[in-house]
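The sequence and the model come first.

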Amino acid sequence: MPDEQMAGAGSAPVAPGKTPGVPPVPAVAPRPLDPIDRSIMRLLQADGRASIRSVAEQVHVSRANAYARINRLIDDGVIRGFTARVDHERAGQGASAYITLKIVQNSWRTVREKLRELPGAAHIALVSGDFDVLLLVHTPDNRTLRELVLTRLQAIPEVLSTRTLLVFEETDLLDPGTDRVAGALAEETP
């Protein structure tokens, strides 16, 4: 990792089922994180392109110590990669929604793979409660969102029902200066 930037510039072929830049999670118990490790993680979450020098200065350790800690956090699978935070509206994805799904019992793995293929799917979680899956999607507009829900999601045989919760405004807690307002749509299916 060069001193100037932490995010990788090149791309290498990735084996199927692997995420680029994400090392496999070790099978051993994770090492405990100290306050310096946690501060480094917060800094890198706010700016994944921060230089080693900047990180070291802000957490009051040497550059060598910061470099070693970051590499250990990566090797241990605590830091899974570096990414850009995107303003979805400016990127042409002006409609965002959380969609809850009730699915056939024991079909999680099948449904998860089908949801990964959806255009605009940003986050998928198996949850407890009144529904089974929580899906976050970003689409260009409400018409595309409607098509995604009514045509793509409800065509999955293991999906029993959906509920769409349109995001009117969101706040990125890692960048408190960004609030976003979206369009309006709410729908429910049996």
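Does arginine 31 count as buried, partly exposed or exposed? Arginine 31 counts as partly exposed, at 46% relative accessibility; buried means under 20% relative accessible area, exposed over 50%, and partly exposed in between, with a 1.4 Å probe and protein chains only.

The model is predicted, so local features need pLDDT of at least 70 and side-chain atom pairs count only at pLDDT 80 or more, while totals for chains, interfaces and linings use all residues. Residues are numbered from 1 along each chain as its sequence is written, and side-chain values use heavy atoms, leaving out hydrogens and water.

**Salt bridges**

The whole structure holds eight salt bridges, each being a side-chain nitrogen of Lys or Arg within 4 Å of a carboxyl oxygen of Asp or Glu. Three of them are listed here.

| Pair | Closest N to O distance |
|---|---|
| Aspartate 37 and arginine 72 | 2.8 Å |
| Lysine 114 and glutamate 158 | 3.1 Å |

Lysine 114 belongs to helix α4 and glutamate 158 to the loop between α5 and β4 (159-166), so this pair ties together parts 44 residues apart in sequence. Helices (H or I, at least four residues) and strands (E, at least two) are DSSP runs, numbered from the N terminus. Lysine 114 is partly exposed at 29% relative accessibility, whereas glutamate 158 is buried at 18%. Salt bridges with shared partners also join Asp34, Asp37, Arg69 and Arg72 into one network.

Helix α3 (residues 63-75) has 13 residues and should span 18 Å at 1.5 Å a residue, the expected span being 1.5 Å times one less than the number of residues. Its end C-alpha atoms are 18 Å apart, which agrees. The buried residues of α3 are Ala66, Arg69, Ile70, Arg72, Leu73 and Ile74. After α3 comes glycine 77, with a positive phi near 80°.

In helix α5 (residues 142-153), Leu145, Leu148, Val149 and Leu153 are buried. They cover an arc of only 90° around the axis, which puts them on the same side of α5; the arc is that of the directions from the helix axis to the C-beta atoms.

**Positive phi outside glycine**

Histidine 60 is not a glycine, yet its phi is positive, about 60°. This histidine 60 sits in the loop between α2 and α3 and is exposed, with a relative accessible area of 71%. Asparagine 106 also has a positive phi, near 65°. Asparagine 106 lies in the loop between β1 (95-103) and α4 (108-116) and is exposed, at 77% relative accessible area.
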